[in-house]
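Subject: Structure handover and findings

Hello,

My findings follow below it.

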Amino acid sequence: MKKLFLLLLATVSTATLSAQHYVVTGKAPVGTKMVYLIPIGEEPIDSIQIDAAGTFTFRGEAAGKHLAYVATKGEKAKHLVVFLEGEPYVNLEEETVAGSEENRGLSDYQTFVNTTLQPLKTLAEQLTDKRNNGELTEQELAYFYNLSDSLTTIINARAKQDLKYNTRMRWPAYIVLNQLNDFDHDFLISLDTPVNAFMQEPCLGRAKKLIDAYKRTQVGQHFADFEMADTAGVMHHLSEYVGCGRYVLLDFWATWCGPCMGELPNVKALYDKYHDKGFEIVGISFDQDGDAWRGVIQRRNMNWTHLSDLSGWKSLPVEFYGVNAIPHLMLIGPDGTIIANDISTETLSERLKEIYQ
């Protein structure tokens, strides 16, 4: 009898978990013809026509994938993120979401972000008009970027607070997705714990792979080996060059990257200065054009080791080493331990001076 009771209980629990039905209702701005429900990171996209009253309804089953955009298209497109649970109400006119505790938290955060960014949006519209008329000044553009940086700092502070105090909720997965490139690596690593329910959301699959890469490349970690071809197409393991008794710089770059080429004289100067003392460089290119890659190496006398899979932003280091911007410099010690990551050439110069003085 006890076994039967437990079996029935398990069956009911499983059915409850798998169902996750939702009914999303809402109101669209005047003139809207279609509204779209777009699961974050998932297909397919659902769409529905607006009725005469400007309202809409979506019905479905979340199947564990809770975050989705409710959006319109066009010049004045609107979008809000909704948590697919129960019966949320989405007002695209007022940019609010009502419903469960998950949706209330998500709505509060989105309202804060939208309100905070409103001055930037207004300024962007003004500057766009000026640019179209040929009246945009460098001072105005600099002010725009400074304002953007200031508002991003404010949003990041609120985001970190919400992540800290909503560990049992799942809606903060949206914050992780939205601010992924703004948070420092150590903070993102600190989020990846079972205590944070939001980190279990399926939409964070790519983010968690990136966090794993950040863990892999933390200072103090032993470098992770991989295999890639040289300029002649011969495959090599990174371990052929790294962890062999010398300090080695991994220089992630590309010929099409302006900042990379701008830093090249500095990188080459450091190589020429310290190579005879045991300093090595392994250049890892994000190029796709092999001829262009080999040509620049030859013309610029980049006489160190070069590897590439010629896959651009689909290159192995993007996911495996968490390199999502270039140039990216990583200094590895003689025993293969990462001693500095994502550093400038100025910092690299200081470190090499300390090592070889």
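Which residues does glutamate 102 touch, not counting residues up to four places away in sequence? They are Phe83, Glu85, Met169, Arg170 and Trp171. Keep in mind that this is a predicted model. Glutamate 102 belongs to helix α2. Its relative accessibility is 6%. The cut-off for buried is under 20%, so glutamate 102 counts as buried.

**Overall**

The protein has 357 residues, and 43% of them count as buried. There are 10 helices and 15 strands. Along the principal axes, the C-alpha atoms fill a box of roughly 75 × 75 × 35 Å. Take the contacts between residues at least 6 apart in sequence: 62% of them join residues at least 24 apart.

Threonine 25 has tyrosine 89 of β7 as its bridge partner.

**The antiparallel sheet**

Another open sheet has 4 strands in the order β3-β2-β5-β6. Its pairing is antiparallel. Here β3 (46–49) and β6 (79–83) take the edges. Each of these has a single partner strand, so one side of each lacks a neighbour in the sheet. The twist from one strand to the next averages 25 degrees.

Helix α2 (residues 101–132) packs on this sheet and touches β5 (67–71) and β6. The direction of α2 makes about 155 degrees with that of β6.

Strand β2 (residues 34–39) is joined to β3 by 4 bridges, and the two run antiparallel. Tyrosine 36 has its bridge partner in β3, namely serine 47.

**Cores**

In general, nonpolar side chains in soluble globular proteins tend to be buried together. The largest nonpolar core here has 45 residues. Leu250 and Tyr321 have the most contacts inside this core. Several elements give two or more residues to it: β11 (247–253), α7 (258–274), β12 (279–285), α8 (290–299), β14 (328–332), β15 (338–341) and α10 (345–356). The most comes from α7, with 7 residues.

What is leucine 250 in contact with, leaving aside its neighbours within four places in sequence? The list is Leu238, Val242, Val282, Ile284, Tyr321, His328, Leu329, Met330 and Ile332.

There is also a second, separate core of 30 residues. Ala159, Trp171, Phe198 and Met199 are among its members.

Strands β12 and β13 (residues 305–308) run parallel and are joined by 4 bridges. Isoleucine 284 stands opposite leucine 307 in β13. Between the strands, the chain passes from β12 through α8 to β13. This β-α-β crossover is right-handed. Isoleucine 284 is also one of the contacts of leucine 250.

**Disulfide**

How many disulfides does a search of the whole structure find? The search finds 1. Cysteine 257 and cysteine 260 form it, with their sulfur atoms 2.4 Å apart. The link is right-handed, with 75 degrees about the S-S bond. Cysteine 257 and cysteine 260 are both buried.

Is asparagine 156 buried or exposed? With a relative accessible area of 12%, against a cut-off of under 20%, asparagine 156 is buried. Helix α3 (residues 138–165) holds asparagine 156. Leaving aside neighbours within four places in sequence, asparagine 156 is in contact with Gln179, Asp182 and Phe183.

Over to you.

Best regards

Technical notes: Residues are numbered from 1 along each chain as its sequence is written. This is a predicted model: local features need pLDDT of at least 70, side-chain atom pairs count only at pLDDT 80 or more; totals for chains, interfaces and linings use all residues. Side-chain values use heavy atoms; hydrogens and water are left out. Two strands pair if DSSP finds at least two bridges between them. A nonpolar core is a set of buried Ala, Val, Leu, Ile, Met, Phe, Trp, Tyr and Cys residues joined through side-chain atoms within 4.5 Å. Buried means under 20% relative accessible area, exposed over 50%, partly exposed in between (1.4 Å probe, protein chains only). Contact means heavy atoms within 4.5 Å. Axes are lines fitted to C-alpha atoms, for helices over the stretch in contact, and angles run from 0 to 180 degrees between N-to-C directions. A disulfide is a pair of cysteine sulfur atoms within 2.5 Å. A crossover is right-handed if, with the strands pointing away from the viewer, the path from the first strand over the helix to the second runs clockwise.
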